[in-house]
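Here is a short walk through one structure. Keep the sequence and the 3D view side by side as you read.

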Amino acid sequence: MQLYNTLSAEERAIMIDDAGKQRLTLSFYAYAQIQDPTQFRNNLFLAWNSLEVLGRIYVAHEGINAQLSLPADNFYAFKDTIEVYDFMKGIRLNIAVEHDDHSFLKLTVKVRDKIVADGLNDDTFDVTNIGVHLKAKEFNEILENPNTIVVDFRNHYESEIGYFKGAITPDVDTFRESLPIINEQLQDFKEDKNLVMYCTGGIRCEKASAYFKHQGFKNVYQLEGGIINYAKQIKEENLESKFIGKNFVFDHRLGERITDDIVSQCHQCGTPCDVHTNCVNEGCHLLFIQCESCKEKMEGCCSTECVSVIHLPEEEQKAIRRGIKNGNKIFKKGKSDVLTFKNNEETHGIFVAEKPKTAIKKEPKIKKMYIGKGTHFFPKPSIGQFLIEDNEIKIGDTILIKGATTGEQKIVIKEMLVNDLAQDTAVSGDTCTFKLPFRIRLSDKLYKILE
């Protein structure tokens, strides 16, 4: 009986590309009393593995927290697998605004002590006694009330790239740190203020709302479904977005754009930027914000020391890493001393977040048309091969090749082979090849830039 993932991420990426199915990225959570989390975990793995579900799921006695992707064709079959449990019947599924077939490349279901670590040891705390849920329109309205205090219950590296206007954004690394900080700061406002809270998908602010009710706060509210659901609702209902910037997400995309505002900066040069990355040095893997210029200059690394390491032979790199804990357990995310422009502004104060921040409009998005996908790369001649799935490309076109590792690369086609013959144009169903100054991967997408 297979109860664990057996394929590498690279193997899974190839399988996804070969399947050619659109995948949905979604998240959900539910607080409940689960008597046997291990058996519950095993049942989920068996049901979801057969439906090609991939993702990161945590289960505990207090419930389930899931971020995952699955083929769109399997969506209703997937819903059937969760609705056999009474506490998940009719559960809200937060479907991502932006879809990426490679958002997850493994299925990991783990049993934890809690689905959200809170640092609390209080048997009288009832996690199901929650605050009032607010939909997007109601949330916008209460934000306009001068009697409202709004708190971001995400971590500093999440809120630094996007937040609700006027929100308190605690400078914390974990959710458990924010609870006592906010509780202490707001002791004088238990009776007369609206305490409104939000997070990514609702799971953290739901527990926080129960905690603050437990602490005696009278008017406690939370954003239903978090920022993910808010973004969906403002789009469907044509509402003004009170959230500015990007919403940090916990898959390889590391962010979904909500508005074009850029509210953060490159941690290495200070240029306006809101693109998170992980240091390519496997012994570091620091999460930080890096612009394209610094990415090229620093080769995707956070420091010159890491640049030196990645050029060592692999065996020497392994020797350096040997006996050291995983990098992201060593460094604070986005707060290493090697980052000249790290964002570590103290934002614990109640009204600190109301100080004006400079929001810079992002450059207009490149207009592009999907053409096809990468199918092979020939390293010696540095030639990429692509399958044309839609529309056409021809010599003289400016194309964009996009992928998780490749990034976004633009070139002009000067010559190409179509089905092994020199041709000016490649159309749907053709296989074409042309020289590239960089390596491509099988998961890379090919687009034509539109004027």
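Buried means under 20% relative accessible area, exposed means over 50%, and partly exposed lies in between, with a 1.4 Å probe and protein chains only. By that cut-off Asp420 counts as exposed, because its relative accessibility is 70%. This is a predicted model, in which local features need pLDDT of at least 70, side-chain atom pairs count only at pLDDT 80 or more, and totals for chains, interfaces and linings use all residues. Residues are numbered from 1 along each chain as its sequence is written, and side-chain values use heavy atoms, leaving out hydrogens and water.

Stay with Asp420. Its place is the loop between β22 (417–418) and β23 (421–422). Helices (H or I, at least four residues) and strands (E, at least two) are DSSP runs, numbered from the N terminus. Asp420 is not a glycine, yet its phi is positive, at about 70°.

Asn238 also calls for a look at its backbone. Its phi is near 55°, a positive value in a residue other than glycine. Asn238 sits in the loop between α8 (226–237) and β11 (243–247). Is its side of the story buried or exposed? Asn238 is exposed, because its relative accessible area is 72%.

Now turn to Lys218. This residue belongs to the loop that runs between α7 (203–214) and β10 (219–223). Lys218 has a relative accessible area of 54%, so it is exposed. Which residues does Lys218 touch, leaving aside those up to four places away in sequence? They are Lys190 and Glu191. Contact here means heavy atoms within 4.5 Å. Glu191 lies 27 residues from Lys218 along the chain, and their C-alpha atoms are separated by 5.7 Å.

Strand β3 (residues 63–71) gives another picture. Nine of its nine residues are buried, so the strand is largely enclosed by the rest of the structure. What pairs with β3? Two strands pair if DSSP finds at least two bridges between them. Strand β1 (residues 23–31) pairs with β3 in the antiparallel sense, over nine bridges. Within this pairing, take Leu24: its bridge partner in β3 is Leu70. Strand β2 (residues 54–60) also pairs with β3 in the antiparallel sense, over seven bridges. Here Ile57 has Ala66 as its bridge partner in β3. The link from β2 to β3 is a hairpin of two residues.
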